Amino acid sequence: MQATTGRRCVFCHSPANSGEHVFAKRLCKRAGAIRFNVITGLAIDGKAPITRPPHHLEAFTVRHVCTRCNNGWMNDLEIWFERHLGFLIEPQWPKLALPMIDALKIENNELARWLMKTAVMFNLATLRGENRVEFEHAVLLEAHPPQKQQ
Ligand SMILES: [Zn+2]
């Protein structure tokens, strides 16, 4: 177990003792972007931009979740995404992409949950200015499966 940050998990309010990859390492690898350089920053009109040192996409992490959420339902969502949509992030666009996408329409709820989880993590990983993005608690509840809430 990793040391806690004093923060609480944004989903279940347990101690935030886990580092979550904003973009799962397995997805970065599948997309051929494991060594993709990222520079995060904040730009405000009339002010010099604030940036963090460059790092690889695989090292883009946040410490706002607990081990149980990270290794449980959040990991399950990443596995779901790779199984159902991984073909869309590979460097080579699939020949049968449109029929494959059409067949995934019945998975729209899982896709929405994956998108909300990823958006919440991305937001927590970015520098914050005056116009900070806040998620309603309902969004967090939608991403977090009801059967595993604490
Ligand atoms: Zn949690």
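Tutor: Let us begin with a definition: the expected span of a helix is 1.5 Å times one less than its number of residues. Please note also that this is a predicted model.

Student: What span should the 18 residues of helix 4 have, and how far apart are its end C-alpha atoms?

Tutor: Helix 4 comprises residues 108–125, and at 1.5 Å a residue its 18 residues should span 26 Å. The computed separation agrees with this expectation, because the end C-alpha atoms of helix 4 are also placed at 26 Å.

Student: Which residues of helix 4 are buried, and what arc do they cover around the axis?

Tutor: A residue counts as buried if 20 or more other C-beta atoms lie within 10 Å of its own. In helix 4 the buried residues are Arg113, Lys117, Val120 and Met121. They lie on the same side of helix 4, because the arc they cover around the axis is only 95°.

Student: Which exposed residues does the opposite face of helix 4 carry, and what does the buried side pack against?

Tutor: The face turned away from the buried side of helix 4 carries exposed Asn108 and Ala112. The buried residues of helix 4 pack against strand 1 (18–21), strand 6 (61–65), helix 2 (67–85) and helix 5 (137–143).

Student: Where is the kink in helix 2, and how far apart are the ends of this helix?

Tutor: The 19 residues of helix 2 should span 27 Å at 1.5 Å a residue, and the end C-alpha atoms are 25 Å apart, which agrees.

Student: Which residues of helix 2 are buried, and what covers them?

Tutor: The cover over the buried residues of helix 2 includes strand 1, helix 1, strand 6 and helix 4. The buried residues themselves are Cys69, Met74, Leu77 and Phe81.

Student: Which element supplies the largest share of the largest nonpolar core?

Tutor: This core has 18 residues, of which Cys9, Val10, Phe11, Val65, Cys66 and Cys69 touch the most other members. Helix 1 (25–30), strand 6, helix 2 and helix 4 each supply at least two of its residues. The largest share, four residues, comes from helix 2.

Student: Which residues does Cys69 touch, leaving aside those up to four places away in sequence?

Tutor: Cys69 is one of the buried residues of helix 2. With residues up to four places away in sequence set aside, Cys69 touches Cys9, Phe11, Cys12 and Met74.

Key. Residues numbered from 1 in each chain as written. Predicted model: local features only at pLDDT ≥ 70, side-chain atom pairs only at ≥ 80, totals over all residues. Buried ≥ 20, exposed ≤ 12 C-beta atoms within 10 Å, placed from the backbone. Arc of directions from axis to C-beta. Contact = placed C-beta atoms within 7 Å. Core = buried A, V, L, I, M, F, W, Y, C linked by C-beta atoms within 7 Å.
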